[in-house]
Amino acid sequence: MGWVPRFNASRIWLPAFLFSLFILFFTPTIPRSHNHHHFVDMRNLLASRSFAGVPNTINVITNFPFLVVGVLGFVLALDGAVFYISSQGEVYAWVVFYAGMVGVAFGSAYYHLKPDNHRVLWDTLPMMVAFSSLFSALVVERFGQRIGLFCLFALIFAAVLCVVYERNYNDIRFCMIFQLTLPLAIPVIAFMYSSKYTHSRYWFLATGIYLLAKFEGATDKKLYHANNYIISGHSLEHLCLSLIPIVLSIMLIYRESKFQRLVDLKDRHQRGGVNDDFSTELYMAETLQHTEQVKTN
């Protein structure tokens, strides 16, 4: 991977602002369709004579994994003993991400109990906060705390504005663009800019899971029929999306600094036992360290 010019915030925020103005003034409003709330699986599986049950049972309970991984990740990100997080800025971003997962669990469950245009915003906002913090964690990792924390606060503020705008004007354009651009921007940045950590491939794995989840949501009815009405595509989308924080948690547990890896390789080199594969690995590590130094200077 070749050297890429240093990240510049103005290269992102100015085009984003101009693009937002273009969307606002030159595209028609897109109201949220009531068909958005008509999911194929609306079964109430817990109803009885003494209990009214839980409407849309499967769509509600499939949000539980978000709560579990969100709470565990939140605690581990604050603790710092299990996750490999090397800066305070990353701590802030990852804590907000896992808090967003907890928000998704409650917000999505609340929405699916009675889907409508008012409740859907409690499903949308936590997800947008999670996207914002995940993107910011990547920016902190690749470019530094200052720009990363700026992205975190700016994107969360923008997410709130998008939701308020949709609530007041019944126009989903900004929420839609927000939820489309950030998940796609993450793998682009992960590919273009090298990381100081190992296990960067997990970012791409998370992107693949996200795309699979969107496919499952789009084929809600077809998947429901395909598996003999056991679970709908939308419920599978919930379960698939909950794998993303799990995958990223595994990345945080097992990753290490590439510079520390270079030190370990040199120690092994001094102790002997060098082969062709080892020499290649050492050369690649030194090349990565040199690239990072050039970008920093």
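Start by selecting Gly144, the residue that follows helix H5 and has a positive phi, near 120°. The model on screen is a predicted one.

**Helix H5**

Colour H5 by accessibility: 21 of the 24 residues are buried, so the helix is mostly covered.

Next select helix H6, residues 145-169, and find Ala154 in it. Is Ala154 buried or partly exposed? Ala154 has a relative accessible area of 23% and therefore counts as partly exposed, since buried means under 20%. Ala154 and Ser136 lie 18 residues apart in sequence, and their C-alpha atoms are 9.8 Å apart in space.

**Helix H8**

Move to helix H8, residues 201-218. At 1.5 Å a residue its 18 residues should span 26 Å, and the C-alpha atoms at its ends are 26 Å apart, which agrees. Which residues of H8 are buried? Select Tyr202, Trp203, Ala206, Thr207, Ile209, Tyr210, Ala213 and Glu216 to show them. In an α-helix there are 3.6 residues a turn, so residues three or four places apart point the same way.

Hide the rest and keep H4, residues 88-113, and H10, residues 233-254. Two packed helices are described by the angle between their axes and the distance between the axes. Here the angle is about 165° and the axes are 12 Å apart. That angle makes H4 roughly antiparallel to H10. The crossing of the two is left-handed.

Show the side chains at the contact. On H4, select Trp94, Phe97, Tyr98, Met101, Ser108 and His112. On H10, select His234, His238, Pro245, Leu248, Ser249, Met251 and Leu252. How many residues of this contact are nonpolar, polar and charged? Eight are nonpolar, five are polar and none is charged.

**The whole protein**

Finally, show everything again. The protein has twelve helices and zero strands. Of its 297 residues, 44% count as buried. Among contacts between residues at least 6 apart in sequence, 70% join residues at least 24 apart.

Note on methods:
Residues are numbered from 1 along each chain as its sequence is written. This is a predicted model: local features need pLDDT of at least 70, side-chain atom pairs count only at pLDDT 80 or more; totals for chains, interfaces and linings use all residues. Side-chain values use heavy atoms; hydrogens and water are left out. Axes are lines fitted to C-alpha atoms, for helices over the stretch in contact, and angles run from 0 to 180 degrees between N-to-C directions. Helices (H or I, at least four residues) and strands (E, at least two) are DSSP runs, numbered from the N terminus. Angles under 35 degrees count as roughly parallel, over 145 as roughly antiparallel, 65 to 115 as roughly perpendicular and the rest as oblique. A crossing is left-handed if the near helix is turned anticlockwise from the far one by less than a right angle, and right-handed if clockwise. Contact means heavy atoms within 4.5 Å. Ala, Val, Leu, Ile, Met, Phe, Trp, Tyr, Cys and Pro count as nonpolar, Asp, Glu, Lys and Arg as charged, and the others, Gly among them, as polar. The expected span of a helix is 1.5 Å times one less than its number of residues. Buried means under 20% relative accessible area, exposed over 50%, partly exposed in between (1.4 Å probe, protein chains only).
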